[in-house]
Amino acid sequence: MPDAGTFSPNVAMARNRWRAAEDRLYPTLIADPGSYQRSINQVQAVVAELRKRCTGVEDIIAAEAAPEELIAAALPGGSAIPTDLLLGVACGMADREISSDAERRRREAAIEAARAEGRAWVVVSGPETAEELTDGRRPELHLPTGTIVEIAVDPWSGEDPFQLQVTAGETGTLLVTGSFTDRDEWLAEIARQRAAVEAGTVGTVGT
């Protein structure tokens, strides 16, 4: 489960601040190709320093609160990039990298736990059951075959808010795809496709 702190207002404000720094810095780098690689190298140096110090977003926020010490450690020769932009872009990059790595490790642990327990299916992310999904995506992996049954709900999409696709894990081939307006039909199709995966007879979406 994600750390509750990940969803705190403080974290949301920090991530908005980091995105704003990216929006401000990158156009200036594109406008000055001569300094582009040098600037990227400096950002990467700060990201590397953040990786040494931080294991999560709260650590990054704490490091951001002492910018002079952080940048001095990462760039002893200093930087021409304004501190707020340099630090904001680096923090955003480090946050995405650390979050991605934590999510990868969480998924690997969930898969290993399912294998150890002898379960055929493991929910890669999202709620435990399809019925609980009200927004976002929920991929579920069939361990014996590597097939992925991914469902999604987009309440703002209009006519077809309920989505389903089945993908062959090894090749990434899309085996089944469908959109639904009716939630009950969608849930019934999910159950049908899961059964088809287990039987090795994955077919087309019924209507």
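**Overall picture**

Modeller: This is a predicted model. The protein chain has a radius of gyration of 22 Å, whereas a compact globule of 207 residues would have one near 17 Å.

Colleague: What does the C-alpha trace span along its principal axes?

Modeller: The C-alpha trace of the protein chain spans about 65 × 40 × 35 Å.

Colleague: And how many helices and strands?

Modeller: Six helices and five strands. Read from the N terminus, the order of elements is α-α-α-α-α-β-β-β-β-β-α.

Colleague: Helix packing next. At what angle do α1 and α3 pack?

Modeller: Helix α1, residues 9–31, and helix α3, residues 57–64, pack at about 65°, and their axes are 11 Å apart. The crossing of α1 past α3 is left-handed.

Colleague: Which residues make that contact?

Modeller: From α1, N10, V11, A14, R15, R17 and W18; from α3, V57, E58, I60, I61 and E64.

Colleague: How does that contact split by class?

Modeller: The contact of α1 with α3 has six nonpolar, four charged and one polar residues.

Colleague: Switching to rings. How many aromatic pairs?

Modeller: The structure holds one aromatic pair.

Colleague: What sits over the ring of W121?

Modeller: The charged end of R194, 4.3 Å from the centre of the W121 ring.

Conventions. Residues are numbered from 1 along each chain as its sequence is written. This is a predicted model: local features need pLDDT of at least 70, side-chain atom pairs count only at pLDDT 80 or more; totals for chains, interfaces and linings use all residues. Side-chain values use heavy atoms; hydrogens and water are left out. Axes are lines fitted to C-alpha atoms, for helices over the stretch in contact, and angles run from 0 to 180 degrees between N-to-C directions. Helices (H or I, at least four residues) and strands (E, at least two) are DSSP runs, numbered from the N terminus. A crossing is left-handed if the near helix is turned anticlockwise from the far one by less than a right angle, and right-handed if clockwise. Contact means heavy atoms within 4.5 Å. Ala, Val, Leu, Ile, Met, Phe, Trp, Tyr, Cys and Pro count as nonpolar, Asp, Glu, Lys and Arg as charged, and the others, Gly among them, as polar. Rings of Phe, Tyr and Trp (its six-membered ring) pair if their centres lie within 6.5 Å; planes under 30 degrees apart count as stacked, over 60 as edge-to-face and the rest as tilted. A charge sits over a ring if NZ of Lys or CZ of Arg is within 6 Å of the ring centre and within 35 degrees of the ring normal. The radius of gyration is taken over C-alpha atoms; the globule rule is 2.2 Å times the number of residues to the power 0.38.
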